[in-house]
Amino acid sequence: MNLKTATSWRHAGAATSAALVLALASACGSDTPSETATQASAVSVKDPWVKAADQGMTAAFATLRNAGGNEARVVSAAVESVTQTAELHEMAADDSGQMVMRQKPDGIVLPAGRSHELRPGGDHIMLIGLTKPVRAGDEVRVTLTFADRSELSFTAPARSFSGAQEDYQPDGGHGSDPDPSSHHE
Ligand SMILES: [Cu+2]
């Protein structure tokens, strides 16, 4: 906001332009996030859930809404108690055209004023190497870290879901288990 711009509207008269400056100044105060507003504070979480799984990998989902005036970007995720490793993933076509999931190296971008759904078949929070089963009804605490290092935590209830069996082939290829019912221990 440049006050000189507003006050240079000379035809409006001194009193009017002064009122205008005040109006514009207060509009700025309420519409623009202050310097101290964090990305996390602008984002709300709706309908979070985690796919129940006995072992291996699973994923967390939610709808993230960025009510702020600036883009917010989730750069990492952490999950308490069921795994040490959570990654931000997307679904994308590989060289042969098959949909596979992979890490999103730049994080999940939440445009200003928009909602972004994390869902099976789309962006998701991947939980890798479960240290204990995630059963339907369990609650998993998820913390998202944003590009400005602000954090947002939420609780995601686990539920049974038969979809989202996407292949995951990181470089080492510890990917999908051909027989999920088999026991490896
Ligand atoms: Cu994934």
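Entry 1. Terms and model.
I note at the outset that the model is predicted.

Entry 2. D47.
I looked up D47 and found that it lies in strand β1. D47 has 12 C-beta neighbours inside 10 Å and therefore counts as exposed. I then read its backbone angle: the phi of D47 is near 50 degrees, a positive value in a residue other than glycine. I set beside this the general rule that most residues other than glycine have a negative phi.

Entry 3. R149.
I looked up R149, whose phi is also positive, near 75 degrees, although R149 is not a glycine. I located R149 in the loop between β9 (139–146) and β10. R149 counts as exposed because it has 11 C-beta neighbours inside 10 Å.

Entry 4. The whole chain.
I counted the secondary structure of the protein chain as three helices and 10 strands. Along the sequence I read the pattern α-α-α-β-β-β-β-β-β-β-β-β-β. The chain has 185 residues, and I find 22% of them buried. I also examined the contacts between residues at least 6 apart in sequence: 65% of these join residues at least 24 apart.

Entry 5. Confidence.
I recorded a mean pLDDT of 80 for the protein chain, with 68% of its residues at 70 or more. Over residues 169–185 I found the pLDDT below 50, and this stretch has seven contacts in the model beyond near neighbours in sequence. Residues 1–14 likewise stay under 50, and for them I noted 13 contacts beyond four places in sequence.

Entry 6. Strand β1 and its partners.
I asked how many bridges join β1 to β2. I found six bridges between β1 (residues 43–51) and β2 (residues 58–66), and the two strands run antiparallel. Within this pairing I saw W49 opposite F61 of β2. The two strands form a hairpin with six residues between them, and in the turn G56 has a positive phi of about 75 degrees.
I then turned to strand β10 (residues 151–159), which is joined to β1 by two bridges and runs parallel to it. Here I saw V50 opposite A158 of β10.

Entry 7. Strand β3 and its partners.
I followed the pairing of β3 with β9 and found five bridges, the strands running antiparallel. A78 stands opposite T143 of β9. I also found β3 paired with β6 over three bridges, again in the antiparallel sense. In that pairing I identified I108 of β6 as the bridge partner of V74.

Entry 8. R73.
I placed R73 in strand β3, which covers residues 72–79. Is R73 buried, exposed or partly exposed? I found 17 other C-beta atoms within 10 Å, so R73 is partly exposed. Leaving aside residues up to four places away in sequence, I listed its contacts as Q39, G107, I108, V109, L110, F146 and A147. For one of these, Q39, I took the distance: Q39 and R73 are 34 residues apart in sequence, and their C-alpha atoms are 7.6 Å apart.

Entry 9. The largest nonpolar core.
I asked which residues touch the most other members of the largest nonpolar core. The core has 31 residues, and those with the most such contacts are A60, A77, I125, L127, V140 and V142. I then traced the strands that contribute: β1, β2, β3, β4 (85–93), β6 (108–110), β8 (124–128), β9 and β10 each supply at least two residues. I found that β2 gives the most to this core, with five residues.

V140 has 23 C-beta neighbours inside 10 Å and so counts as buried. Beyond four places in sequence, I listed V50, A60, V79, V82, V134, A156 and A158 as residues that V140 touches. I also noted F154, 14 residues from V140 along the chain, with 8.4 Å between the two C-alpha atoms.
I looked next at L127. Outside the four places on either side in sequence, L127 touches M57, T58, A59, A60, V79, V82, T83 and A86.

Definitions and conventions:
Residues are numbered from 1 along each chain as its sequence is written. This is a predicted model: local features need pLDDT of at least 70, side-chain atom pairs count only at pLDDT 80 or more; totals for chains, interfaces and linings use all residues. Helices (H or I, at least four residues) and strands (E, at least two) are DSSP runs, numbered from the N terminus. A residue is buried if 20 or more other C-beta atoms lie within 10 Å of its own, exposed if 12 or fewer, and partly exposed in between; C-beta atoms are placed from the backbone. Two residues are in contact if their C-beta atoms, placed from the backbone, lie within 7 Å. Two strands pair if DSSP finds at least two bridges between them. pLDDT is the predictor's confidence in each residue, from 0 to 100. A nonpolar core is a set of buried Ala, Val, Leu, Ile, Met, Phe, Trp, Tyr and Cys residues joined through C-beta atoms within 7 Å.
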